[in-house]
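Hi,

Here is the structure I promised to pass on to you. Have a look at it first, and my notes follow below.

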Amino acid sequence: KKTIRDEEVSGKRVLVRVDFNVPMDLNGVIEDDTRIRACLPTIMYLIQHKARVILCSHLGRPHGKVDEHLRLKPVARRLSEILHKQVKPLMESIGAGVEHIVSEMQNGEIVLLENLRFYPGEETNDPGFSHDLSLLADIYVNDAFGASHRAHASIVGLAEYLPCVAGLLMEKEIEQLSSLFENPLRPFAAIMGGAKVADKIGILENIISKVDIVLIGGGMGATFLEGEGYGVGVSPVERNKMEMVKKIQQKAETLDVKIFLPKDLIVAEKLESSATVQVVSVDDIPGNQMIVDIGPLTIKEFTNELKKCKTVAWNGPMGVFEIPQFSNGTKSIATVLADLDATTVIGGGSTAEAVTQFGLTDHMTHVSTGGGASLQFLSGKTLPGIEVLAGFQ
Ligand code: 3PG
């Protein structure tokens with residue numbers, strides 16, 4: 001096993017890939033800084049051991065172009081407040097200007113490179129981009145567990161050019177998730193919700209063979225309901241994933257895994273706190289409304305199922321919990337899990353954010369910083385970012 005503890009970092013330029021993909025509004029206000037705080041052990045270790053710390057991350061999905069709303073400057077500011085230490089935000093990630101700034105860094109100093117996804121080479125895992133990044137450092141540390149399911153330049157490509165080791169968050173996530181998912185007590189439930197349905201639905205196909213029941217709500221719920229032939233009004237739906245929905249349902253049947261979909265829902269005309277909401281049965285969703293939460297009957301059914309479980313993995317909120325009127329489903333599920341005599345693993349930026357918002361973090365067995373990453377881990381599939389870390393396979 002190789003982590004930063006196994007490397008001599010004093011006086012070295014250490015490039016640390018972190019997952020600072022935090023929820024941020026259009027004014028640059030960070031709504032939840034869990035992912036920033038989660039990297040503190042690695043950052044503090046490196047400062048204490050006199051490294052020159054070069055942090056890098058993605059934020060959002062700018063698809064290879066500069067997006068003024070997705071600059072990392074507010075993140076540097078927040079990190080700086082937490083550390084009581086200057087964290088210098090850079091306007092670029094690679095190039096002569098950045099190389100010069102880095103060459104003048106003193107031991108214990110910290111800079112944060114600009115959003116890596118402003119460069120097309122990040123997502124295409126372009127060796128040229130990895131090489132340019134590698135020029136900034138002597139050692140590469142991957143502490144971005146949450147992004148390690150992406151085979152991107154800063155996650156896998158860099159390992160070709162620099163000695164690479166795991167950060168302390170990466171180490172903790174791998175240790176915790178391995179021990180929690182290795183021999184799970186049963187029944188084992190997966191709760192699936194949230195957005196990023198297209199990404200997560202493929203992983204769900206593998207998860208089916210690991211669990212006993214699956215409870216589906218949130219954005220994922222709308223896609224499954226549409227697949228079952230229900231009208232879902234104007235809810236966003238991944239129409240080209242209907243084949244996958246069928247495949248998952250068939251697989252669940254073969255393996256005797258029960259999938260529960262919402263029986264009733266909260267719908268609204270718009271995603272605003274001023275919207276009028278109503279509870280409707282699943283076969284009665286008005287054509288001009290969208291699903292914003294699961295309904296009371298569904299909460300009751302999900303609660304009954306969860307009370308039988310000994311292990312629960314939850315990824316994705318049950319509704320648009322950021323708006324109080326639409327948060328009841330997510331809050332109810334979080335409360336049930338908090339009281340459960342079971343192993344509870346929360347995965348994903350927004351699910352972790354919800355649990356934090358309800359003050360229930362300490363009542364869960366593990367709150368992972370990874371969404372898609374923790375799901376892929378649970379599914380048993382190797383994560384590209386972990387594969388390149390020597391000794392962690
Ligand atoms: C996440 O939020 O799950 C990670 O930061 C990865 O983001 P992505 O889904 O945009 O790759």
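Let me start with the ligand: the shell around it has one nonpolar, five polar and four charged residues. Here Ala, Val, Leu, Ile, Met, Phe, Trp, Tyr, Cys and Pro count as nonpolar, Asp, Glu, Lys and Arg as charged, and the others, Gly among them, as polar. The surrounding residues are D19, N21, R61, G146, A147, R150, K196, G349, G371 and G372, where a residue counts if its C-beta atom, placed from the backbone, lies within 6 Å of the ligand.

Please keep in mind that this is a predicted model: local features need pLDDT of at least 70, side-chain atom pairs count only at pLDDT 80 or more, and totals for chains, interfaces and linings use all residues. Numbering runs from 1 along each chain as its sequence is written.

The protein is divided into domain 1 (4-169) and domain 2 (177-377), with bounds from an automatic or database domain assignment. Each domain gives at least three residues to the ligand shell. Their centres, taken over C-alpha atoms, are 31 Å apart. Domain 1 brings 13 residues to the contact and domain 2 brings 10 residues (C-beta atoms, placed from the backbone, within 7 Å).

Helix α11 (residues 296-307) is also worth a look; helices are DSSP runs (H or I, at least four residues), numbered from the N terminus. T298, I299, F302, E305 and L306 of α11 are buried (20 or more other C-beta atoms, placed from the backbone, within 10 Å of their own). These residues sit on the same side of α11 because they cover an arc of only 130° around the axis, taken from the directions from the helix axis to the C-beta atoms.

Best wishes

Technical notes: Helices (H or I, at least four residues) and strands (E, at least two) are DSSP runs, numbered from the N terminus. The expected span of a helix is 1.5 Å times one less than its number of residues. A residue is buried if 20 or more other C-beta atoms lie within 10 Å of its own, exposed if 12 or fewer, and partly exposed in between; C-beta atoms are placed from the backbone. Two residues are in contact if their C-beta atoms, placed from the backbone, lie within 7 Å.
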